[in-house]
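Hello,

Here is the structure we talked about handing over. Please open it and keep it beside this note.

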Amino acid sequence: QLQASGGGLVQAGGALRLSCAASGRSFSGYVMGWFRQAPGKEREFVAAIDWRGDSPFYADSVKGRFTISRDNAKNTMYLQMTSLKPEDTAVYYCGARPSGYYMDPQRYGYWGQGTQVTVSS
């Protein structure tokens, strides 16, 4: 129901734009979020956005570099990533939940498959 795309290989300092497209149902009333998981590490919160697109919330590690947005008409969420660092390398996942901002991925009931982001130094 959620499909992430847009990952790839980029040099440090570069930019990528991830998309998360929903199908089969509308997530327009849901909080949607981005998470990432590096090899050998737990899935960690990156950013979340409410259904209006207001009040985006970011992890400290990406604040000022990443921008989350959504287009409910297209049932799609985005993550614009700039000034990428090697430590941003991970598989990025999108998730959704009915309401409330949570950094715990277990609070999200809907997930897409991930998209790999690799940042070379």
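This is a predicted model: local features need pLDDT of at least 70, side-chain atom pairs count only at pLDDT 80 or more; totals for chains, interfaces and linings use all residues.

Residues are numbered from 1 along each chain as its sequence is written, and side-chain values use heavy atoms, with hydrogens and water left out.

The disulfide. A search of the whole structure finds one (a pair of cysteine sulfur atoms within 2.5 Å). Cysteine 20 is joined to cysteine 94, S to S 2.2 Å. Cysteine 20 sits in strand S3 (residues 16-22) and cysteine 94 in strand S9 (residues 90-97), so the pair ties together parts 74 residues apart in sequence. Strands here are DSSP runs (E, at least two residues), numbered from the N terminus. The link is right-handed, with 70 degrees about the S-S bond. Both cysteine 20 and cysteine 94 are buried (under 20% relative accessible area; exposed is over 50%, partly exposed in between; 1.4 Å probe, protein chains only).

Asparagine 75. This residue lies in the loop between strand S7 (66-71) and strand S8 (76-81). Asparagine 75 is buried, at 17% relative accessible area. Its side chain reaches the backbone oxygen of arginine 25 at 2.9 Å. Phi of asparagine 75 is positive, near 55 degrees.

Serine 83. Its place is the loop between S8 and S9. Serine 83 is partly exposed, at 41%. Its phi is also positive, about 50 degrees, although serine 83 is not a glycine. Most residues other than glycine have a negative phi.

Best wishes

Definitions and conventions. Helices (H or I, at least four residues) and strands (E, at least two) are DSSP runs, numbered from the N terminus. A polar contact is a pair of N or O atoms within 3.5 Å; within protein, one must be able to donate a hydrogen and the other to accept it, and residues adjacent in sequence count only if both atoms are side-chain atoms.
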